[in-house]
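Q: Can you walk me through the packing in this one? I have the sequence and the coordinates open.

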Number of protein chains: 2
Amino acid sequence: MRATPHGGNALGIVVREVAFPPGFGLHTGNIGIKDRTEDVMILSAPPGTTAAGVFTRSRFSGPSVTLSRAHVADGRARAVVIISKNANVATGPVGDANAAEVADLTAQVVGCNTPEVIVASTGVIGVRYPMDRIRAYMHRLETGEEDAFDEPGSATTAATAIMTTDTHAKVAAARAGPARVVGIAKGVGMIEPDMATMLAVITTDAATDPASLDAMFRRVVDRTFNAVSIDTDTSTSDMAVVLASGRAGRVDRDALEAALDEVCLDLTRQLAADGEGAETLIVVTVDGARDDAQARRVAKSIVNSPLVKTAVHGRDPNWGRVAMAVGKCYEDDILAERITIRFGEAEVYPAPITPRVLEELERYLASPEVLIHVNLGVPGDGPHSLETGSFTVYGCDLTDGYVRINADYTT
Amino acid sequence: MRATPHGGNALGIVVREVAFPPGFGLHTGNIGIKDRTEDVMILSAPPGTTAAGVFTRSRFSGPSVTLSRAHVADGRARAVVIISKNANVATGPVGDANAAEVADLTAQVVGCNTPEVIVASTGVIGVRYPMDRIRAYMHRLETGEEDAFDEPGSATTAATAIMTTDTHAKVAAARAGPARVVGIAKGVGMIEPDMATMLAVITTDAATDPASLDAMFRRVVDRTFNAVSIDTDTSTSDMAVVLASGRAGRVDRDALEAALDEVCLDLTRQLAADGEGAETLIVVTVDGARDDAQARRVAKSIVNSPLVKTAVHGRDPNWGRVAMAVGKCYEDDILAERITIRFGEAEVYPAPITPRVLEELERYLASPEVLIHVNLGVPGDGPHSLETGSFTVYGCDLTDGYVRINADYTT
């Protein structure tokens, strides 16, 4: 991260103390999966809680994903257990059995049925869980030898317990009338979600039916978590779930969706800014596109380009790399002569670049957040109209730090 | 590059002195496009030369690409002019006119017609050619004030003149009966060709008709230059052309295709090994696929994964990242339980990894060339048969060097 007064990150985020809504209990602790840092988080929800989830589409997705997708299908959940430092992926039938046992053990601790438990796990791929330790730990928790649940639990404590190479806990909160929406997330690498995301757990005390919650959550995830890309790699373990306890009663549907949007977008920006080795948050907005899907493809091409990412890192006003990244989207209605490229407010194409613009640009690239704005200028139906397809994506620069972190992860 | 005794590169390539086939003349020199290093190469071919070319599909492709595609369409060419340090891309109508003038000036120097000239250009995007200098230089060349053409020219000298951030000249040669095939190439970044490639010029004195040469060259490029990926970025200026002078007469068609294959594959490996900042050549072979296209998609996903690339760089036996890269190919017949993953000869999945295998793997990852082999195990029609789709791609590791080079290119 670029130096900030509080030793923070690209966005200058100060991690606040935020509680989950009433009714949500929290336990965090150390099982000893890999080392002595916290590696288990259990979030409990009151009876009657509605739930929805979106999951990775990876063909190598882990047993946690398979099991949780099945468990959330009925729109109900009572607990989320997250084990970190081990993804339990590519571990064969033993791995499947282990994930099922973790759900069982958690159900006993929380006092609910196994199909009401959502299991998530991230960390190294291809290594089995140390089941003896997990069993012993859960047994101590059940018998009261380990401290059990705080209620309402601290979202900040929960977000801290699920971190792997994250540099700070990711928490966000918003209001929807009388109800609160509180979310936590983790993830800094292997992140380009597709239909799903890194780990994110969103809680609310609003009341909602499972079908509405599911539809609303998919829309929100699509424009937030699915719009982040750190390194084009898609995890085997991604999931985002939302739990609605109903304690605050029914709230206006649009207000709830807006609050979910606010929380998920806030977490999305935190995830991008905390990308492995990242020093700069890159926001790419593409508009004037045929439709939102085209805008998204072009925006992803730009935010994923290692040459754009390194140029931002080097504060190098090499805008031609943005043109290159647009150019590799092979679509007939993308024509160089209709395109406008801006960095912040400064137009760099087609307007000729003056030395003054260049100087401004270099200064702008030193900011903790860089906005790249491309208008594709695709003509609309009216005589002077442009198409209105647009999309915004979130990423980060590519640094020596990313290489160092990832050249040396398991060893 | 990893240290090699001769200060070479990942492949330990020693650049040899190779001549073009008889009849091909060469001029190289300095126009002063950016600095005092060589920035122009003109290759002349004898009357009657047959030609074919493949070009970038970028929607921001430069005027050199547009003009050369048109000029080679009739299967004939007499000259290739390559200007480096400036791509002449995103330069508007003035850039179009400048490319046409470069072709004109070259035709006058070589003594051929303008439509017989192929123009290529690489370097920074969005900056106009210094046309005054180009005109003055070409004039001196035409009037004999500058040394004109060596015949046959040195391919090594030509390959050196077209380098940008390349660390060594890329030359390859092979025989097809009495004929020779000699190729040069350049390119170390912004390289994931699609239908085309970085700059490559292949010459031969074999005789062939334009249609056969075109079909043959497209097949060869598809399994060689189109199989290299350094950083997923696709240049606005890529092209590969082949010129056949016919001086050595007709040769066996299969022998000629084999010689073209040999030369283009050799250049492909040199390009991948000399990727910006690269220390290790990564070769990924995928087989047991539904068809070659599926094998190519999976192989590209692996060779392009920044997490796989950094793991190889760190000599980190984190094979789970290969599983992840396979997993993000969302195809129904890719099933984790049918897949085998090998590094070199060592199976890492599904066979459990013993400490001895892990040690071997760490040693293997220190080699200058790392082979990753994935069998998808897609069942074939027979009772015990597997599908035979396969493809091999060439890439390189991701290093601090890549970040440093690209964070500081134009400035």
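A: One term to begin with: buried means under 20% relative accessible area, exposed means over 50%, and partly exposed is in between, using a 1.4 Å probe and protein chains only. Helices (H or I, at least four residues) and strands (E, at least two) are DSSP runs, numbered from the N terminus.

Q: And what sort of model is it, and how is it numbered?

A: This is a predicted model, where local features need pLDDT of at least 70 and side-chain atom pairs count only at pLDDT 80 or more, while totals for chains, interfaces and linings use all residues. Residues are numbered from 1 along each chain as its sequence is written, chains are lettered from A and ligands numbered from 1 in the order in which they are written, and side-chain values use heavy atoms, with hydrogens and water left out.

Q: OK. How many residues of helix H9 in chain B are buried?

A: Eight of its eight residues are buried, so H9(B), residues 320–327, is mostly covered. Among them are Arg321(B), Met324(B) and Gly327(B).

Q: What covers the buried residues of H9(B)?

A: The cover includes H11 (400–406) of chain A. From chain B it includes helices H7 (292–304) and H8 (306–313) and strands S11 (340–343) and S13 (369–375). Contact here means heavy atoms within 4.5 Å.

Q: Which residues touch the most other members of the largest nonpolar core?

A: Ile302(A) and Ile302(B), out of 158 residues in that core. A nonpolar core is a set of buried Ala, Val, Leu, Ile, Met, Phe, Trp, Tyr and Cys residues joined through side-chain atoms within 4.5 Å. In soluble globular proteins, nonpolar side chains tend to be buried together.

Q: What does Ile302(A) touch?

A: Leaving out residues up to four places away in sequence, Ile302(A) touches Val284(A), Val286(A), Val308(A), Val322(A), Ala325(A), Val326(A), Ile372(A) and Val374(A).

Q: Switching to helix pairs. At what angle do H5 and H6 of chain B cross?

A: Roughly 40°, with the axes of H5(B) (residues 210–223) and H6(B) (residues 253–273) coming within 10 Å. Axes are lines fitted to C-alpha atoms, for helices over the stretch in contact, and angles run from 0 to 180 degrees between N-to-C directions. The two helices are therefore oblique to each other. Angles under 35 degrees count as roughly parallel, over 145 as roughly antiparallel, 65 to 115 as roughly perpendicular and the rest as oblique.

Q: Is that crossing left-handed or right-handed?

A: H5(B) passes H6(B) in a right-handed crossing. Right-handed means that the near helix is turned clockwise from the far one by less than a right angle, and left-handed means anticlockwise.

Q: What residue classes make up the contact of H5(B) with H6(B)?

A: Six nonpolar, one polar and five charged. Ala, Val, Leu, Ile, Met, Phe, Trp, Tyr, Cys and Pro count as nonpolar, Asp, Glu, Lys and Arg as charged, and the others, Gly among them, as polar.

Q: And how do H1 and H2 of chain B cross?

A: Their axes come within 9 Å and cross at roughly 50°, and H1(B) passes H2(B) in a right-handed crossing. Pro63(B), Ser64(B), Leu67(B) and His71(B) of H1(B) meet Gly95(B), Asp96(B), Ala99(B), Ala100(B) and Ala103(B) of H2(B). That contact has five nonpolar, three polar and one charged residues.

Q: What about H2 and H3 in chain A?

A: Those axes also come within 9 Å, and they cross at roughly 10°. H2(A) and H3(A) are therefore roughly parallel to each other.

Q: Where are the cis peptide bonds in the two chains?

A: One joins Glu151(A) and Pro152(A), with omega about -5°. Another joins Glu151(B) and Pro152(B), with omega about -5°. Pro152(B) is in the loop between H3 (131–142) and H4 (155–161) of chain B.

Q: Is Asp316(A) buried or exposed?

A: Buried, with a relative accessible area of 3%. Asp316(A) is 49 residues from Leu365(A) in sequence and 7.4 Å away in space, C-alpha to C-alpha.
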